[in-house]
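Open the structure in your viewer and keep the selection tool ready.

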Amino acid sequence: MMRPYEERFIWRLDWNLLRTFTAVVEQGGITRAAEFLALSQPTVSSALKRLEDTVEKRLLDRRPGHFALTPAGETLYRESCMLFGSISRLPGLMAAAESVVTGHIAIAMTSHVVCPHFDEAMSRFNRDYPEVTYSISITDSADVVSRIRQNQATLGLCLMREDDPQLDNRILFREFFGLFCGPGHPLFGRKDIAPGDLSGQPSVSFQTEIENGPLYLVRQLRERVNLQAEPRGVSANLPEVRRMIVNGLGIGALPVHVARREVKSGLLWPLPPWEELPAIDIHFVLNPRRSLNPAETAFVTVMHEMIAATPFEERTYS
């Protein structure tokens, strides 16, 4: 039951002010927000002032050359994103009364997720529910988690450094990273390579190999064979790390099962060590606070059933 103050606050709040505030944050300032909203700058400034008066908190730290959210502003922005995410999905939710399962599924995932079990489940789901539509956005794992927290996507497939108590996450599959070089590298094609042969060689890496990052174990793999400490190339995107390896920028790590096809085609060559390769888990992530449309509900059910029914050993790609 709402307290009197909370009930008064709800009826006093002009919801349009939240829209203006969100635009200011996402556009990085009042001037750009005014252009985005097709309003004058004084109108936007006045709206921010009214919102701060309503919530009785300072939301923005604005000084010459400085623009930042206050702690209260960060909280309001996060909750506003959740609110607008829910509102944007009302048309799909109102389709729940229809007998045919329809709706849109928005998937956010890290780059180059290769999971036959996920692909098979999606293919089967598409055959069963041909009216459902999909969108897939590729971004780094931290942004995937952020989008799920802010209710901007149905589900996420990503690396996770640690459990997030706000989210429902389950391991979708486990992959192992090994080291590879490209056709122009002196070690390419050699079968008598010892780990010591890699010492001092240039390397390329993922941005998330930083300490305490989700791919920190991959960094330790490079350190085990004493590759150059400072990589010659860095990317958050797996295909771009692969591109750098193939084109000779340095030795780099890739998921073994992802690289297997290109090893066979002569674009990559596997390098030691062969044992104790780092195991990396890809998670299936949901926001339990999200109200699911019929399509989302059905798809999540299919995925959860697949994960529960498939032994983890089968979802471990060596």
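Select α1 (4-12), α2 (15-27), α4 (41-55) and α5 (71-88): each supplies at least two residues of the lining of the second largest pocket. Helices here are DSSP runs of H or I, at least four residues long, and strands are E runs of at least two, numbered from the N terminus. This is a predicted model: local features need pLDDT of at least 70, side-chain atom pairs count only at pLDDT 80 or more, and totals for chains, interfaces and linings use all residues. Residues are numbered from 1 along each chain as its sequence is written, and side-chain values use heavy atoms, without hydrogens or water.

Which helix gives the most to this lining? It is α5, with six residues.

Now show Phe9, Leu13, Leu18, Leu76 and Glu79. Of the 15 lining residues, these lie nearest the centre of the second largest pocket. The lining divides into 11 nonpolar, two polar and two charged residues. The space is about 330 Å³.

Next, select residues 13-70. UniProt lists them as "domain: HTH lysR-type" in an unreviewed entry. The span is 62% helix and 14% strand. Its end C-alpha atoms lie 20 Å apart.

Last stop: Ser141, Ala142, Val145, Arg161 and Pro214. They lie nearest the centre of the largest pocket, which 18 residues line. That lining has seven nonpolar, five polar and six charged residues. About 390 Å³ of space lies here.

Why does this pocket lie between domain 2 (104-172 + 282-313) and domain 3 (173-280)? Because both domains give residues to its lining.

How values were computed:
1 Å grid on protein atoms, 1.4 Å probe; cavity = no way out; pocket = protein on both sides within 12 Å on 5 of 7 lines; lining within 4 Å. Points joined across faces, edges and corners; volume = space filled by probe spheres on them. Nonpolar A, V, L, I, M, F, W, Y, C, P; charged D, E, K, R; others polar. Domains from an automatic or database assignment. UniProt positions renumbered as here; feature names shortened; annotations may be inferred.
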